[in-house]
Amino acid sequence: MVPIGIDLGTTYSAVATVSGRGQPMVVKNSDGESTTPSVVYFPANGIPIVGSEAKEYQAVGENDVASFFKRDMGEPGFYQTFHGRKYSPTELSSLVLKKLKADAEAELGQRIEAAVITVPAYFNNGQRNATIEAARQAGLRVLRIINEPTAAAIAFGLSSKTKAGTTTMVYDLGGGTFDVSIVRASDDEIAVLATDGDHKLGGKDWDDRIAGFLAGQFRDEFGADPFEDQESFNDLMIKCEKAKRELSVRDSTKVSIVHNGERGTYTLTRSQFAELTRDLLERTHGIAQSVLNSVDGHTWENLNGVLLVGGSTRMPMVAEFVEEVTGRPPLRGINVDEAVALGAALQAAADLKVEDDLSLDASSGEEFSLPAIRDVTCHSLGMVAENQDRSKYLNSIIIKKNSQIPAENACDYTIRVSANRSANKLEVYMLQGEVESPMECTVLGKYVFTGFTPTKTGRAQVRVHYAYNKNGTVDVRAEQLNAEGGVLDLELTIEPVPEDMSWLGRSPLENDSSASQASSAALVIAVDASGSMSGTPMNEAKKAALSMVNKLDLSRFHVGILAFSDKMAILTGCTGHNGVVKGAINKLEVGLGYGNDACPFEKAMRMMDGEEGSKFIVLLTDGCWSYPQKAIAQAKRVKDEGAEIIAIGFGTADHDFLKTVATCDENALMTDVSNLVDSFSKIAQVLSSDDAPQSASLTMPDGNETKPTGKGKGFFGRFF
Ligand code: AMP
């Protein structure tokens, strides 16, 4: 297979291959050019046109032209519409890739199935996945995604016999993006030590400054704003980009603005241009400085040089600026437009060699080899966690910025699990960013894990893994650890990140209470009224029920009271009226027959018909029932309908029977009559808190205890 590297640029893209003799070379497009504008024109009828022709349509003021879509890559919900059809940045990129593939196939006379594609180093998971998807849509298999500065370093490392052990800064200023990396190159390894960038900073910003300046002059002269008319605007932008290029070779240039039937011609000098854009260069300086600072022991003085990559580094001000900062001119000897594609092609050749599918000319006698590439993560990856006192959410970093790729790390959580499998879920919000506040980080993804196995203790250990793979995309998985040391993979659903993440700005406690207010629930207290309950047991049962009701927020919980023995009596249906519930509890008395023939579960369930939210039955009994099988079958039916049964026994009650009717073993409790009040109060407490968003306690690998969050709404707790 022929090795192909593709530099999918914001403004221009390029394709390269490796010759039979192992030399990287650019593959010309159908116009004989080494770069292709990443521009798509959509004619009213017919197929989209990509490249120089599309750029020409843009130049003559056509509106149905898409460009700069790489800046919005991976942004959910971002579309551009042409002739009534919506196109995502991924689809637009796939059109560019299709054109690059077709042109390269024609030039090389071979089918192209796979390629190494480059992306800016700071591209996040979503942006990288969007790039892989664009390639798939264009019929290309991605051998690997590599970072643009890394590709440039590969090209440079191989083309100029770099001495072993030199450390270089790759300063990559393209059309729409800025990337900077510190790269250490030796004969057998190219290692990226640190990297950062700004994906909203590139040559286009320099164009915009010229446009803003000249449009201002036009406004002053004619009182009309060329920005207000799409055609005048497009025309102006094209002219400004041209003027910028001219200023790379001349001291001054002229630009004519035509708008509203008027024409204004203005002169722009190189020094004016430098003045207008000085702050943009300063921004690149700030980023470069911080990357340099992040590598121990490195200063501008001991760098071996600064390698300029990207079309915008042709602006003389960039080289002057680098010289000003470092005291030395930048490194030369590399074609700034082609370096990235050339490096990608070399990587493709290395990857195909590993796949044993490289069609280089064996007769050349040269064994093709590439130094090992070591790249690093550009951002820290973490997840939303809670601090100890639950007063704020934190960004708990799992994989640190500048970790060597592939990078993997895992965190252990303790979470509460319900016996009701379907109610158990853990929501992991992946964060990208270096700061502690999640509000200032980017939420990259929402990963929902289900399939927990209920445990006897009602608690489960969960390990969440983050893995940066060689493409810089992140795989997330989680497993439940059982007491015997076994692991169970949890099922993962990736959900869209909710648009409203404002809950991160409140405290976990505040969120709990607002969720509590929002969620309603129903509860039936079913009390054994058989003869053996007479006297102290019934008095204690009443006190226990009252203490429970006192602890519940009745605006949320509707409570019903049911007495049962041989018969059943509904003392009140489910209500939020405090007086009614307490009055019903006071009416509890022995006298519905002596035995335990009746079975309260279905009656209790029907009492909750029409109620919203979670449904609970709290059963209190002091003896054995006449028809336990019937009770077990009924209990199963109501549990299947979604009710949670908590069974409390004392006296001659049978613990095993209680376990069978309860939702899980932990929901069955044997106590004694003097502890009833206490037990009911505890249940009330758990009911009040457990219907709130679930939170789990996360133990970071270094042993720091912190609390991560899932904002799961489902009931997620155990009682005892
Ligand atoms: P790239 O994305 O690396 O292809 O860079 C494209 C950017 O480089 C665009 O903003 C171009 O306007 C800019 N560019 C290309 N050639 C020159 C030049 N000679 N002088 C100034 N900027 C240039």
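Modeller: Gladly! One term to begin with: angles under 35 degrees count as roughly parallel, over 145 as roughly antiparallel, 65 to 115 as roughly perpendicular and the rest as oblique. This is a predicted model, where local features need pLDDT of at least 70, side-chain atom pairs count only at pLDDT 80 or more, and totals for chains, interfaces and linings use all residues. Residues are numbered from 1 along each chain as its sequence is written, and side-chain values use heavy atoms, with hydrogens and water left out.

Colleague: Thanks! How are α2 and α3 oriented to each other?

Modeller: Helices here are DSSP runs (H or I, at least four residues), strands are E runs of at least two, and both are numbered from the N terminus. Axes are lines fitted to C-alpha atoms, for helices over the stretch in contact, with angles from 0 to 180 degrees between N-to-C directions. Helix α2 (residues 89-108) and helix α3 (residues 125-137) pack at about 50°, their axes 8 Å apart. That is why α2 and α3 are oblique.

Colleague: Which residues of α3 make the contact with α2?

Modeller: Contact means heavy atoms within 4.5 Å. From α2 come Thr90, Glu91, Ser93, Ser94, Leu97 and Lys98, and from α3 come Ala130, Glu133, Ala134, Ala135 and Gln137.

Colleague: Is Thr131 buried or exposed?

Modeller: Thr131 lies in helix α3, and it touches Leu8, Met73, Ile117, Val119, Phe123 and Ile145, leaving aside residues up to four places away in sequence. Buried means under 20% relative accessible area, exposed over 50%, and partly exposed in between (1.4 Å probe, protein chains only). Thr131 has 2% relative accessibility, so it counts as buried.

Colleague: What is the angle between α7 and α8?

Modeller: Among the residues that meet are Phe273 and Leu281 in α7 and Met317 and Phe321 in α8. Helix α7 (residues 270-293) and helix α8 (residues 316-326) have axes 10 Å apart, and they pack at an angle of about 55°.

Colleague: And the whole chain: what is its radius of gyration?

Modeller: The chain comes to 16 helices and 36 strands. The radius of gyration is taken over C-alpha atoms, and the globule rule is 2.2 Å times the number of residues to the power 0.38. For 720 residues that rule gives 27 Å, and the chain is well over it, so it is more spread out than a compact globule, with a radius of gyration of 34 Å.

Colleague: What share of the chain is buried?

Modeller: The C-alpha atoms fill a box of roughly 105 × 70 × 50 Å along the principal axes. Of the 720 residues in the chain, the buried ones make up 56%.
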